[in-house]
Amino acid sequence: MLIATYNVNSIRSRLPVVIDWLEKHSPAVFCLQETKVEDGKFPHEVFESLGYSVVFRGEKRYSGVATVSLKKPDFVSTGFDDDGPPDEDRLIRTDFGDLTVINVYVPQGQDVESHHFQYKLKWFKRLRSYLERHFSPTGLVAICGDLNVAREPIDVHDPKRLLGHVDFNPEVWAVYDLLLEWGLVDLFRKFHPGEKGQFTFFDYRVPHAVERGLGWRVDHILTTKLLAERATGCWIDLEPRLAKKPSDHTVLAAHFSLG
């Protein structure tokens, strides 16, 4: 089973890149973030014509998540179910038998002095509570998406200069670690421990960022330990970032041996 995640930075602008990746790799589950389109204009017919099921929540020009799958999910829910904003355009849960895939687009935070950054920190805590309410760390659970956090110095191209950024910040590391402490594994690091220069985001504003290795690893697949034990590989595919009219992110994918 192949599960992948991709911040598309506008699904309508990136649709050819997405369809090309689907046709080449046939993922069982493909989590998309930052779709930037309201539900009434989401191009679901394109996915359905290729034999995929798709669930989505979005708003015009902002956020948005969609989960594309070969099989129709047994259960779908969107957003948080606590006393805070539901943020349905940032979280979709899909169940496939015993497997749960949670597609997330964590708020970026804008600036460490802004209320948006505080909201980001709270969002991670809410996600930890969401896991505690609904799941067990002994089950088969994957969180996939743009988490807007680079956890280690090797996850950014210039850790000294970038330290303190909203995505590379000790306060964000602390709340991100709450997810790992609950019982999740950073699947990419399981297969690539200590490997430098592995990034999923390359800023448009930086000339030849991919070729120069000037990136960030902010997109993640986090799984429970049981699911991580069934993983056979996890990798970053740079081809979508080098495609015509690309997103500023690229695809992160993982193979699993599941019945």
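**Exercise 1. Determine which residues have the most contacts inside the largest nonpolar core, and which element gives the most to this core.**

Solution. The largest nonpolar core has 33 residues, and Ile102, Phe124 and Leu147 have the most contacts inside it. A nonpolar core is here a set of buried Ala, Val, Leu, Ile, Met, Phe, Trp, Tyr and Cys residues joined through side-chain atoms within 4.5 Å. Buried means under 20% relative accessible area, exposed over 50%, and partly exposed in between (1.4 Å probe, protein chains only). The model is predicted: local features need pLDDT of at least 70, side-chain atom pairs count only at pLDDT 80 or more, and totals for chains, interfaces and linings use all residues. Residues are numbered from 1 along each chain as its sequence is written, and side-chain values use heavy atoms, with hydrogens and water left out.

Two or more residues come from each of β7 (99–105), α3 (115–134), β8 (140–146) and α5 (170–183). Helices (H or I, at least four residues) and strands (E, at least two) are DSSP runs, numbered from the N terminus. With seven residues, α3 gives the most to this core.

Then list the partners of Leu147, where contact means heavy atoms within 4.5 Å. Leaving aside residues up to four places away in sequence, Leu147 touches Val104, Val106, Phe124, Tyr176, Leu179, Val218, His220 and Leu222. A second, separate core of 23 residues includes Ala4, Trp21, Ala66 and Val251.

**Exercise 2. Describe the burial of strand β1, its pairing, and the handedness of the crossover that leads from it.**

Solution. Begin with burial: six of the six residues of β1 (residues 2–7) are buried. Leu2, Ala4 and Tyr6 point one way, whereas Ile3, Thr5 and Asn7 point the other way. In a regular strand the side chains alternate between the two faces of the sheet.

Turn to the pairing, which requires that DSSP find at least two bridges between two strands. β1 pairs with β12 (residues 251–256) in the antiparallel sense over four bridges, and Ala4 stands opposite Ala253 in β12. β1 and β2 (residues 29–33) run parallel and are joined by five bridges; here Tyr6 stands opposite Leu32.

Finally, follow the chain from β1 through helix α1 (residues 11–25) to β2: this β-α-β crossover is right-handed. The term applies if, with the strands pointing away from the viewer, the path from the first strand over the helix to the second runs clockwise.

Definitions and conventions. Contact means heavy atoms within 4.5 Å.
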